[in-house]
Amino acid sequence: MNPAAILLILGAVTLDILANVLLKRSDGFRHRRPGLAAIALILLAFTLLGVAVQHMPVAVAYAAWGGLGIVLTALISVFYLKQSLDLAALAGIALIVAGVVVMNTLSNTVSH
């Protein structure tokens, strides 16, 4: 897989996670600055994702972006935002991780 595309996906994931934390901090957009910053970061994340899909299949890029974003946002919500996840949430996250791993290791869609 193209190393530049992987870096673009990782950048998009990072921006997406930061945007999610800022959305929480915006308190439903009652605090405008974090809300506006979240919107800006999402736009930048989509820009990076858009460039990445020029170098890899859309399904793979989106699965990696979405999967990593969900897992890392969940971890940040637990350790930084002090929220909790129940067993069903943890099982769902594990299934997402398994899906991304299967796609990236077994699928012929991804160039190995």
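1. Is Ala-89 buried, partly exposed or exposed? In this predicted model, Ala-89 counts as partly exposed, because its relative accessibility is 28%, a value that lies between the 20% under which a residue is buried and the 50% over which a residue is exposed. Ala-89 has its place in helix α4, which covers residues 87–106.

2. On the overall fold, the secondary structure of the protein chain comes to 4 helices and 0 strands, and the order of the elements from the N terminus on is α-α-α-α. The C-alpha trace spans about 45 × 35 × 15 Å along its principal axes. The protein chain has 112 residues, of which 29% count as buried. Among the contacts in the chain with a separation of 6 or more, 64% are made by residues 24 or more positions apart.

3. The packing of helix α1 on helix α3 deserves a point of its own. Two packed helices are described by the angle between their axes and the distance between the axes. Helix α1 (residues 3–26) and helix α3 (residues 58–79) pack at an angle of about 40 degrees, and their axes are 9 Å apart. The two helices are therefore oblique to each other, since an angle under 35 degrees would be needed for them to count as roughly parallel. The crossing of α1 and α3 is right-handed.

4. As to which residues make this contact, α1 contributes Ile-9, Leu-10, Ala-12, Val-13, Asp-16, Ile-17, Asn-20 and Val-21, while α3 contributes Ala-61, Ala-64, Trp-65, Leu-68, Gly-69, Leu-72, Thr-73 and Ile-76. By class, the residues of the contact of α1 with α3 divide into 12 nonpolar, 3 polar and 1 charged.

5. Helix α3 also packs with helix α4: their axes come within 10 Å and cross at roughly 150 degrees. That angle makes α3 roughly antiparallel to α4, because angles over 145 degrees count as such. The crossing of α3 and α4 is left-handed. On the side of α3 the contact is made by Ala-59, Val-60, Ala-63, Ala-64, Gly-67, Ile-70, Val-71 and Ala-74, and on the side of α4 by Ile-93, Ile-96, Val-97, Val-100, Met-103 and Asn-104. This contact of α3 with α4 has 12 nonpolar, 2 polar and no charged residues. Ala-64 is listed both in the contact of α3 with α1 and in that of α3 with α4.

6. The aromatic residues can be taken together. The structure holds 2 aromatic pairs. In one of them, Phe-46 and Trp-65 are edge-to-face, with 5.2 Å from centre to centre and 65 degrees between the planes. This pair links distant parts of the chain, as Phe-46 lies in helix α2 (residues 32–52) and Trp-65 in helix α3, 19 residues apart. The rings of Tyr-62 and Trp-65 have their centres 5.5 Å apart and their planes at 55 degrees, so this pair is tilted. Tyr-62 and Trp-65 are 3 residues apart in helix α3 and are thus separated by about one helical turn. Through these ring pairs, Phe-46, Tyr-62 and Trp-65 are linked into a cluster.

7. Trp-65 is buried, with a relative accessible area of 7%; Phe-46 is partly exposed, with a relative accessible area of 45%; and Tyr-62 counts as exposed, at 51% relative accessibility. A reader may note that the value for Tyr-62 is 51% where the cut-off for an exposed residue is over 50%. Trp-65 is also one of the α3 residues that meet α1.

8. Two serines remain to be mentioned. Ser-26 has its place in helix α1 and counts as buried, at 1% relative accessibility. Leaving aside its neighbours within four places in sequence, Ser-26 is in contact with His-31, Pro-34 and Gly-35. Ser-77 is found in helix α3 and is buried as well, with a relative accessible area of 10%. With neighbours within four places in sequence again left aside, the contacts of Ser-77 are with Lys-82 and Gln-83.

Key. Residues are numbered from 1 along each chain as its sequence is written. This is a predicted model: local features need pLDDT of at least 70, side-chain atom pairs count only at pLDDT 80 or more; totals for chains, interfaces and linings use all residues. Side-chain values use heavy atoms; hydrogens and water are left out. Axes are lines fitted to C-alpha atoms, for helices over the stretch in contact, and angles run from 0 to 180 degrees between N-to-C directions. Angles under 35 degrees count as roughly parallel, over 145 as roughly antiparallel, 65 to 115 as roughly perpendicular and the rest as oblique. A crossing is left-handed if the near helix is turned anticlockwise from the far one by less than a right angle, and right-handed if clockwise. Contact means heavy atoms within 4.5 Å. Ala, Val, Leu, Ile, Met, Phe, Trp, Tyr, Cys and Pro count as nonpolar, Asp, Glu, Lys and Arg as charged, and the others, Gly among them, as polar. Buried means under 20% relative accessible area, exposed over 50%, partly exposed in between (1.4 Å probe, protein chains only). Rings of Phe, Tyr and Trp (its six-membered ring) pair if their centres lie within 6.5 Å; planes under 30 degrees apart count as stacked, over 60 as edge-to-face and the rest as tilted.
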